[in-house]
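Colleague: Thanks for making time for me. Could we go through the labels on this model together?

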Amino acid sequence: PATYITEGYAWGALPWDYLSIGLWNLGQFKAAAAAGRRAAALAPEDERIQNNLAIFERSAYNGTESQP
(Lines give C-alpha, C1' and ligand atoms only; values in the text may rest on other atoms or scores of the structure.)
Protein backbone atom coordinates (compact mmCIF):
# COMPACT_ATOMS: atom_id res chain seq x y z
CA PRO A 1 0.00 0.00 0.00
CA ALA A 2 1.09 3.53 -0.74
CA THR A 3 1.94 5.65 2.28
CA TYR A 4 3.84 8.89 2.71
CA ILE A 5 7.05 6.89 3.05
CA THR A 6 6.78 5.88 -0.60
CA GLU A 7 6.55 9.51 -1.71
CA GLY A 8 9.68 11.30 -2.90
CA TYR A 9 9.17 14.32 -0.65
CA ALA A 10 9.52 12.09 2.42
CA TRP A 11 13.12 11.37 1.39
CA GLY A 12 14.08 14.85 0.23
CA ALA A 13 14.58 18.19 1.91
CA LEU A 14 11.15 18.43 3.54
CA PRO A 15 11.84 16.47 6.76
CA TRP A 16 15.10 18.40 7.31
CA ASP A 17 13.31 21.67 6.54
CA TYR A 18 10.57 20.99 9.09
CA LEU A 19 13.14 19.87 11.65
CA SER A 20 15.22 23.02 11.18
CA ILE A 21 12.20 25.28 11.64
CA GLY A 22 11.07 23.42 14.74
CA LEU A 23 14.54 23.53 16.29
CA TRP A 24 14.87 27.24 15.59
CA ASN A 25 11.52 27.90 17.24
CA LEU A 26 12.73 25.97 20.29
CA GLY A 27 15.85 28.13 20.47
CA GLN A 28 18.17 25.31 19.39
CA PHE A 29 19.99 27.54 16.90
CA LYS A 30 23.07 25.41 16.22
CA ALA A 31 20.97 22.29 15.66
CA ALA A 32 18.59 24.29 13.45
CA ALA A 33 21.51 25.46 11.34
CA ALA A 34 22.80 21.89 11.00
CA ALA A 35 19.39 20.60 9.88
CA GLY A 36 19.01 23.61 7.61
CA ARG A 37 22.31 22.79 5.92
CA ARG A 38 21.01 19.28 5.19
CA ALA A 39 17.78 20.70 3.75
CA ALA A 40 19.69 23.26 1.68
CA ALA A 41 22.01 20.59 0.29
CA LEU A 42 19.01 18.53 -0.82
CA ALA A 43 17.16 21.52 -2.32
CA PRO A 44 19.74 24.03 -3.58
CA GLU A 45 17.14 25.62 -5.85
CA ASP A 46 14.66 26.34 -3.04
CA GLU A 47 15.08 30.02 -2.20
CA ARG A 48 13.02 29.83 1.01
CA ILE A 49 15.17 27.04 2.42
CA GLN A 50 18.34 28.93 1.48
CA ASN A 51 17.01 32.10 3.14
CA ASN A 52 16.03 30.16 6.26
CA LEU A 53 19.51 28.67 6.43
CA ALA A 54 21.02 32.16 6.44
CA ILE A 55 18.73 33.13 9.33
CA PHE A 56 19.55 29.94 11.26
CA GLU A 57 23.29 30.41 10.80
CA ARG A 58 23.10 34.05 11.97
CA SER A 59 21.10 32.92 15.00
CA ALA A 60 23.61 30.18 15.78
CA TYR A 61 26.46 32.68 15.57
CA ASN A 62 24.77 35.56 17.45
CA GLY A 63 22.29 33.84 19.73
CA THR A 64 22.50 31.81 22.82
CA GLU A 65 21.26 28.27 22.88
CA SER A 66 18.33 27.52 25.10
CA GLN A 67 18.74 24.36 27.11
CA PRO A 68 15.99 21.73 26.91
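Modeller: Gladly! Let's begin with helices: these are DSSP runs of H or I with at least four residues, strands are runs of E with at least two, and both are numbered from the N terminus. Serine 20, for instance, is found in helix α1. Please keep in mind that this is a predicted model, where local features need pLDDT of at least 70 and side-chain atom pairs pLDDT 80 or more, while totals for chains, interfaces and linings use all residues. Residues are numbered from 1 along each chain as its sequence is written, and side-chain values use heavy atoms, without hydrogens and water.

Colleague: Why does serine 20 count as buried?

Modeller: Buried means under 20% relative accessible area, exposed means over 50%, and partly exposed lies in between, using a 1.4 Å probe and protein chains only. Serine 20 has 1% relative accessibility, so it counts as buried.

Colleague: Which residues does serine 20 touch, leaving out those up to four places away in sequence?

Modeller: With contact meaning heavy atoms within 4.5 Å, serine 20 touches Ala32, Ala35, Gly36 and Phe56.

Colleague: What makes the pair of tryptophan 24 and phenylalanine 29 tilted?

Modeller: Rings of Phe, Tyr and Trp (its six-membered ring) pair if their centres lie within 6.5 Å; planes under 30 degrees apart are stacked, over 60 edge-to-face, and the rest tilted. A search of the whole structure finds two aromatic pairs. Here the centres are 6.3 Å apart and the planes are at 55 degrees, so the pair of tryptophan 24 and phenylalanine 29 is tilted. Tryptophan 24 also forms a tilted pair with phenylalanine 56, at 6.3 Å centre to centre and 40 degrees between the planes. That pair links distant parts of the chain, since tryptophan 24 is in α1 (residues 14–25) and phenylalanine 56 in α3 (residues 47–62), 32 residues apart. Trp24, Phe29 and Phe56 form one aromatic cluster.

Colleague: How do you know on which side of α3 the buried residues lie?

Modeller: The buried residues of α3 are Ile49, Asn52, Leu53, Phe56, Ser59 and Ala60. They cover an arc of only 130 degrees around the axis, so they are on the same side of α3; the arc is that of the directions from the helix axis to the C-beta atoms.
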